[in-house]
Amino acid sequence: MSDAKPLNPDYPHEVIVEVTNACNLRCRHCHFHGDAAPRTRPVGHMDPAVWQSVLDDMARWEKPVTLLTHGAGEPLLYPHLPELLKRAKQIPHLRVGFMTNAMLLDAAWTERLLDLRVDFLALSIDGVNPKTHDAVRRNARLNVIERDVRHLIRRKTERQSTTPALSFNMVLYPHIEDQGPAFVERWMPYAETITLSRFRPIGQRTLWPSHENPPFRPCSLLWHQCVIAWDGRVGLCCEDIHLDVPAGSVLNQPLLQIFRDSPVFTAYRRHHLERRVEGLALCARCHIWGGDTVLQEWRETLAGCSVRVTQTPAYRMYRKEEPLS
């Protein structure tokens, strides 16, 4: 994010609609559902009138936007998700998808996603060992997840569908970090990207010791992302999982007006541009602004694919470039 950016941008590039913050899993290190997580807001489903008004607003923007329908919960639990996805796919400039733990990704959901031509699906799976996976992601069964994901891959092939594009994410918990290479080898043939994410303890948004901080730059999330909680409130960013810094509500104002003109967004952007974040809730001890800083990048061959590997403070990403003959 360049300091030359305007204080209040015209449009967000990414909108996250949290259709529900309920979840079928109880992952031990989840920042919202984990046993030690300080959950401070109620669990619920979004009233369809909320996302309908948001999509109607977005349809008028006529700008390319990525729409994600996940948040602090599992989107496949949301009973109105098929209706939302169908309406979103009718808006030509929206790229639509979501992240899922895949425990509910049964054959019926596979057909729905293919029928609706959902653009992308991000699959959150922690490793290749059922014992360690299921211990970290309580109520999950890796054998069920892998069976259903492979069914989706097979049906994509049978229907000659390029969508949904698949990405896979694994959190590198210290005790399963050695499973990373096998995870990449297992899913690279079917993935657009694979991300091995750095483990962050519950509530932590730091990525390096303070004495090793790189030069600060304003956080790009404040300029390109909007997050709407299930109750219609707009949070500061995707790290504001407990809505500690609400910027407004789409029940009272259009989303675009909140994003452009909310006093909260304006104040936070100004503080970031002036490099004065020490007193800001969320931002004072957050390194996410530098999480995408490229530390190293190289190309290698994995599972018969040419892959661009990018290492940052927050993750290592494997992006498929082209199949090898």
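Thr312 counts as buried because its relative accessibility is 1%, where buried means under 20% relative accessible area, exposed over 50% and partly exposed in between, with a 1.4 Å probe and protein chains only. The model is predicted: local features need pLDDT of at least 70, side-chain atom pairs count only at pLDDT 80 or more, and totals for chains, interfaces and linings use all residues. Residues are numbered from 1 along each chain as its sequence is written, and side-chain values use heavy atoms, with hydrogens and water left out.

Apart from neighbours within four places in sequence, Thr312 is in contact (heavy atoms within 4.5 Å) with Gly291, Asp292, Thr293, Val294 and Leu295. A polar atom of the Thr312 side chain lies 2.7 Å from the backbone oxygen of Gly291.

A disulfide is a covalent bond between the sulfur atoms of two cysteines. Here it is counted as a pair of cysteine sulfur atoms within 2.5 Å, and the count comes to zero. The table gives two of the cysteines.

| Cysteine | Closest cysteine sulfur | Distance |
|---|---|---|
| Cys30 | Cys27 | 6.1 Å |
| Cys226 | Cys237 | 11 Å |

Cys30 is partly exposed, at 21% relative accessibility, whereas Cys226 is buried, at 0%.

Key
A polar contact is a pair of N or O atoms within 3.5 Å; within protein, one must be able to donate a hydrogen and the other to accept it, and residues adjacent in sequence count only if both atoms are side-chain atoms.
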